[in-house]
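Here are some notes to read alongside the structure if you are new to it. Have the 3D view open and follow the points in order.

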Amino acid sequence: MHLQNYIDGRWVDSTSGETFEDTDPANGEMLATATKSVAADVDRAVDAARRAFDSWRLVPAPKRGEILYRAGEILLRRKDELAREMTREMGKVLAEARGDVQEGIDMTYYIAGEGRRQFGDVVPAELPNKWAMSVRHPQGVVAAITPWNFPLAIPTWKIMPALVLGNTVVFKPASYTPLLAVRLVEVLEEAGLPKGVLNLVLGSGSELGDHLVTHPGIDLISFTGSSETGAHISELAGRLLKRVSCELGGKNAIVVMDDADLDLAIDGIVWSAFGTSGQRCTAASRVISHRGVANDLIDRLVGRAKKLRLGHGLEDSTDIGPLVSKSQLERVHSYIPVAEKEGATIAAGGRVARDGALAKGFFHEPTVLVDVKPNMRVAQEEIFGPVTAVIEASNLDEAIKVLNSTKYGLSCSIYTRNVNDAFRFLRDAETGIVYVNAGTTGAEVQLPFGGMKSTGNGHREAGRAALDVYSEWKSIYIDYSGKLQRAQIDTAEKTGMAP
Ligand code: UN1
């Protein structure tokens, strides 16, 4: 299989003629070659998107929405096939890959409905015989730069709202997941998207990213990835006064109080910490346990972590797939000596898994760190792997203090049966997403998704909030009085009392 760029409605190779490999991280098998783009390909994609913008912005929004409905139907039809390819391309187990595709379907249908909404305000004017209202206006050409951990869902979070609002798009997916990106573009092509409205450029972010972000034809950059890259993009784009929407890192915590249903809490921790091998920005990489239940919690968590079965995500028996790449595996594993040096204890896991067939892939054992203090690096830095750090706290106040002590603010949760504690937690957590008696993952598409502090730059994806990223507000005044009316000027006319 060979994967190509999609520019101005045509599948084409890069002008470089070079390729890169798309491989299965569970066994190293090659799935495809992909064309390796250079700056000239970015230029072509941006030019095509700019040209298409002139006509796409004039297509009635309900018609744009209809194309998205059709795309949702095609995604539904292809769900199983896409999920299988996703498991092979980036490793997550099949049930989770199906969930990823489903989240893309949900987002596509949800946003398709915005074709007939996109509400603005109609408000009274302060002068007589005058009309006042606000409408949404597209930004122009959007650069959608997406990660590999949700290779279908996250691109839909960006591309679908951009399209329904009348923007055109240059899509630069992570180089680990070109296949799923090609599939999404195929779906939108089949759904009837006109040429040039969505363009795909495959290749490495470090080689293409700066050129794309600073390209004068790009109006808005929507990026999901690390806080470091988000800051770099924001710096480049900020100088050019471009809008940037960033979804960045997390150091999400589950707080377990001494009155919690511990069985429920352990289920939530295992799912949130080790699902997707911990490669979610919402993953629970900290557990803040009330001292009264900490020993019991650790015993049970360690027991469960040791039972999880590593393997290829397409096998029914597998609980946890590989990490996406060798470099991610090395990065995650490099935190083990850091933890030990700082005085933490490895209560479960801690090793790169090399037994039998696992040696061919990038597997890391599910790892539980205990004796962790809130200021240790393993309690502060995003690890993005199957590693969670248990920190003890004496009461709710201390737990909330620890919760809020990192630079990130994406997701958190509390397990408690005390309604007063739950409400205090909801009020005081400095995160964009808060759960009660559930883990930290599993956000639904109809609510805003994103975080506070270094997790983002104030924008939100999903929900109605997504519309604010991909549109400008235009306020409109229509004076039908037939005479000069002066707002804010102290005259009798202003009150309508003049003859
Ligand atoms: C991400 O990891 O970047 O809430 C997105 C969740 C998923 C989305 C995660 N719905 O875990």
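**Notes on the model**

1. Let's start with Gln 118: its relative accessible area is 16%, so the residue counts as buried, the cut-off being under 20%. Bear in mind throughout that this is a predicted model. You'll find Gln 118 in the loop between H4 and strand S6 (122-124). Its backbone is worth a look too, with a positive phi of about 45° although Gln 118 is not a glycine.

2. Asn 437 is another non-glycine residue with a positive phi, here about 55°. This one sits in the loop between S20 and S21. Asn 437 is partly exposed, at a relative accessible area of 34%.

3. While you're in that part of the chain, look at Gly 442, in the loop that links strand S20 (433-436) to strand S21 (452-453). Gly 442 has a relative accessible area of 45%, which makes it partly exposed. What does Gly 442 touch, not counting residues up to four places away in sequence? Arg 280 and Tyr 435. Its C-alpha atom is also 12 Å from that of Thr 276, although the two residues are 166 apart along the chain.

4. Thr 276 turns up again among the contacts of Lys 92. Lys 92 lies in the loop between helix H3 (79-90) and helix H4 (94-112). Is Lys 92 buried or exposed? Buried, because its relative accessibility is 4%. Its side chain makes a polar contact of 2.8 Å with the side chain of Asp 100. Leaving aside neighbours within four places in sequence, Lys 92 is also in contact with Asn 149, Phe 150, Pro 151 and Gly 313, among others.

5. Next, the nonpolar cores. The largest has 68 residues, and the members touching the most others are Ile 159, Leu 163, Val 169, Phe 171 and Leu 188. A second, separate core has 30 residues, including Ile 383, Ala 389, Val 402 and Ala 429. In soluble globular proteins, nonpolar side chains tend to be buried together.

6. Last, a helix pair. Helix H7 (residues 205-214) packs against helix H8 (residues 227-239) at an angle of about 35°, and their axes are 9 Å apart. The crossing is right-handed. H7 contributes Asp 210, Val 213 and Thr 214 to the contact, while H8 brings His 232, Ile 233, Leu 236 and Ala 237. Sorted by type, these contact residues are four nonpolar, two polar and one charged.

Notes
Residues are numbered from 1 along each chain as its sequence is written. This is a predicted model: local features need pLDDT of at least 70, side-chain atom pairs count only at pLDDT 80 or more; totals for chains, interfaces and linings use all residues. Side-chain values use heavy atoms; hydrogens and water are left out. Axes are lines fitted to C-alpha atoms, for helices over the stretch in contact, and angles run from 0 to 180 degrees between N-to-C directions. Helices (H or I, at least four residues) and strands (E, at least two) are DSSP runs, numbered from the N terminus. A crossing is left-handed if the near helix is turned anticlockwise from the far one by less than a right angle, and right-handed if clockwise. Contact means heavy atoms within 4.5 Å. Ala, Val, Leu, Ile, Met, Phe, Trp, Tyr, Cys and Pro count as nonpolar, Asp, Glu, Lys and Arg as charged, and the others, Gly among them, as polar. A nonpolar core is a set of buried Ala, Val, Leu, Ile, Met, Phe, Trp, Tyr and Cys residues joined through side-chain atoms within 4.5 Å. Buried means under 20% relative accessible area, exposed over 50%, partly exposed in between (1.4 Å probe, protein chains only). A polar contact is a pair of N or O atoms within 3.5 Å; within protein, one must be able to donate a hydrogen and the other to accept it, and residues adjacent in sequence count only if both atoms are side-chain atoms.
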